[in-house]
Amino acid sequence: MDQILREKYEKLIAIIKEYKHVAVAFSGGVDSTLLLKVAVNTLGKENVIAITASSGSFPQREFKEAKDFCEELGVKQIVSHTSELDIPGFLENPPDRCYLCKKEIFTGIIHHASEEDFHLILEGSNMDDNDDYRPGMRAIKELGVKSPLQEAELFKSEIRALSKMLALPTWEKPSFACLATRFVYGEPITSEKLAMVEKGEELLFDLGFKQVRVRIHESHHGNIARIEVFPEEIEKIAAKDIRETIAKTFKDIGFAYTSLDLTGYRTGSMNEVL
């Protein structure tokens with residue numbers, strides 16, 4: 001470990017040690033997994049709980065991985081059930097959709113934590129999140145939720161390096177964002193479309209692609225899927241057998257047409273129009 005990363009890691013431990021008794025908003029992703037692990041290592045299992053928000057925009061694959069990790073770590077996990085589709089304004093999918101969603105989700109997390117007598121909530125935003133349009137961060141700050149990975153000035157690549165050092169299964173896990181981010185702003189979100197996106201991405205992961213997004217667009221022709229994979233995997237997805245499997249399965253899922261984004265996967269591609 002280089003000196004800069006070591007200093008940041010020690011800073012993270014020192015920050016969490018000051019908190020003493022915490023609930024970690026835990027999705028099972030790269031960032032929250034490191035945060036939960038360091039919290040448990042620093043404070044002990046008796047002073048840490050994990051709270052996982054479960055909803056229609058959170059894939060079952062991710063939920064199972066989060067549950068399995070908590071069991072392996074021996075930390076208490078609480079599931080906070082929420083329905084984003086019931087949040088006023090969410091269905092219309094405005095540019096501040098993430099703010100509306102985060103406010104609802106973290107209000108629920110705070111409620112569950114309070115019932116367990118935990119009054120300090122930690123979440124896993126990192127320094128890279130400052131480089132994109134993230135209206136959800138406003139909700140996090142308004143609710144007084146702490147972001148220790150940002151306080152320690154950790155970037156995603158450094159979080160992966162620390163995760164590898166700690167032998168965490170997520171150190172090379174693909175980045176994940178809720179399924180609602182696959183929709184063009186202003187296009188209505190429905191439970192049916194969320195399920196279509198989840199099934200499409202599940203197929204791509206099963207086919208061996210490392211990082212995927214299935215963006216959904218509604219047109220007068222029907223729902224159109226726009227697939228993003230790593231640029232180096234574009235040639236693989238264009239192979240005849242894989243291409244035909246995807247086209248057929250996506251048609252069965254309910255997509256009228258399936259397209260491939262030739263730029264490849266990148267975070268926040270739906271924000272490029274803002």
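1. The lining of the second largest pocket divides into 12 charged, 8 nonpolar and 5 polar residues. Here Asp, Glu, Lys and Arg count as charged, Ala, Val, Leu, Ile, Met, Phe, Trp, Tyr, Cys and Pro as nonpolar, and the others, Gly among them, as polar. Of the 25 lining residues, Arg-61, Glu-62, Glu-65, Lys-173 and Pro-174 lie nearest the centre of this pocket. A pocket is an open set of points on a 1 Å grid over the protein atoms alone, where a 1.4 Å probe fits, with protein on both sides within 12 Å along at least five of seven lines; lining residues have an atom within 4 Å of a point.

2. A word on the model before going further. This is a predicted model, in which local features need pLDDT of at least 70 and side-chain atom pairs count only at pLDDT 80 or more, while totals for chains, interfaces and linings use all residues. Residues are numbered from 1 along each chain as its sequence is written, and side-chain values use heavy atoms, with hydrogens and water left out.

3. Back to the pocket: the volume is about 400 Å³, taken as the space filled by probe spheres set on the points, with grid points joined across faces, edges and corners. Helix 3 (60-73) gives the largest share of the lining, 7 residues. Helix 3, helix 8 and strand 5 (212-219) each supply at least two. Helices (H or I, at least four residues) and strands (E, at least two) are DSSP runs, numbered from the N terminus.

4. In soluble globular proteins, nonpolar side chains tend to be buried together.

5. Which residues does Ile-246 contact, leaving aside its neighbours within four places in sequence? They are Leu-203, Leu-204, Leu-207, Ile-227, Ile-237 and Thr-258, where contact means heavy atoms within 4.5 Å.

6. Have a look at the loop between strand 4 (121-122) and helix 5 (136-142), where Asp-129 lies. Arg-134 is in the loop between strand 4 and helix 5 too. Asp-129 counts as buried because its relative accessibility is 14%, whereas Arg-134, at 36%, is partly exposed. Buried means under 20% relative accessible area, exposed over 50%, partly exposed in between (1.4 Å probe, protein chains only). Their side chains make a polar contact of 3.4 Å; that term means a pair of N or O atoms within 3.5 Å, where within protein one must be able to donate a hydrogen and the other to accept it, and residues adjacent in sequence count only if both atoms are side-chain atoms. Asp-129 also touches Gln-150.

7. Glu-153, in the loop between helix 6 (148-151) and helix 7 (156-165), has a positive phi of about 60° although it is not a glycine. Ala-167, in the loop between helix 7 and helix 8 (191-206), likewise has a positive phi of about 60°. Most residues other than glycine have a negative phi. Glu-153 is partly exposed because its relative accessible area is 42%, and Ala-167 is exposed at 64%.
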